[in-house]
Amino acid sequence: MEKSKRLFLKSKRSFRRRLPPIQSGDRIDYKNMGLISRFISEQGKILSRRVNRLTLKQQRLITIAIKQARILSSLPFLNNEKQFDRTTTLRKKKNRN
């Protein structure tokens, strides 16, 4: 087969459709911490819609719920646990020298 014809052939791999991250029975609410925590990065940032595989309406509701949970102190605005651990270990190393 010529090289130019090979470019247009599609691969015949099977495609498995992924399950939606939010089921129809799930309630998007600031009290539902198990659901909300799936859409936040380790740093505490809200993950994008493309990463979450959510619809526009679901992403808006998740964002509002996360912001409400942050205001009510259910969620931290920033998750600095790793940074804090690293800075304390750096200080200890400097003090040894």
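This is a predicted model: local features need pLDDT of at least 70, side-chain atom pairs count only at pLDDT 80 or more; totals for chains, interfaces and linings use all residues.
Biologist: How many helices and how many strands does the protein have?

Modeller: The protein has five helices and zero strands. Along the sequence, the pattern reads α-α-α-α-α.

Biologist: What is the phi of Arg53, and what is the general rule for phi?

Modeller: Most residues other than glycine have a negative phi. Arg53 has a phi near 60°, a positive value in a residue other than glycine. Ser73 also has a positive phi, near 65°; its place is in the loop between H4 and helix H5 (81–96).

Biologist: Why is Ser73 called exposed?

Modeller: The term rests on relative accessible area: buried means under 20%, exposed over 50%, and partly exposed in between (1.4 Å probe, protein chains only). Ser73 is exposed because its relative accessible area is 63%. Arg53, at 42%, is therefore partly exposed. Of the 97 residues of the protein, 19% count as buried.

Biologist: Is Asn52 buried or exposed, and in which helix does Asn52 lie?

Modeller: Asn52 lies in helix H3 and is buried, because its relative accessible area is 6%.

Biologist: Which residues does Asn52 touch?

Modeller: Contact means heavy atoms within 4.5 Å. Not counting residues up to four places away in sequence, Asn52 touches Pro21, Phe39, Leu47 and Gln59. Take Phe39 as an example: Asn52 and Phe39 are 13 residues apart in sequence, and their C-alpha atoms are 6.7 Å apart in space.

Biologist: With which side chain does the side chain of Asn52 make a polar contact?

Modeller: A polar contact is a pair of N or O atoms within 3.5 Å; within protein, one must be able to donate a hydrogen and the other to accept it, and residues adjacent in sequence count only if both atoms are side-chain atoms. The side chain of Asn52 makes such a contact with the side chain of Gln59, at 3.2 Å. A polar atom of the Asn52 side chain also lies 3.2 Å from the backbone oxygen of Leu47. The side chain of Gln59 reaches the backbone oxygen of Leu47 at 3.2 Å.

Biologist: Where is Gln59 found, and why does Gln59 count as buried?

Modeller: Gln59 is found in helix H4, and Gln59 is buried because its relative accessible area is 11%. Leaving aside neighbours within four places in sequence, Gln59 is in contact with several residues, including Ile46, Ser48 and Leu54.

Biologist: What does the side chain of Arg70 lie 2.4 Å from?

Modeller: A polar atom of the Arg70 side chain lies 2.4 Å from the backbone oxygen of Gly44. Arg70 lies in helix H4 (residues 56–71) and is buried, because its relative accessible area is 13%. Beyond residues up to four places away in sequence, Arg70 touches Gly44, Lys45, Ile46, Leu75, Pro76 and Phe77.

Conventions. Residues are numbered from 1 along each chain as its sequence is written. Side-chain values use heavy atoms; hydrogens and water are left out. Helices (H or I, at least four residues) and strands (E, at least two) are DSSP runs, numbered from the N terminus.
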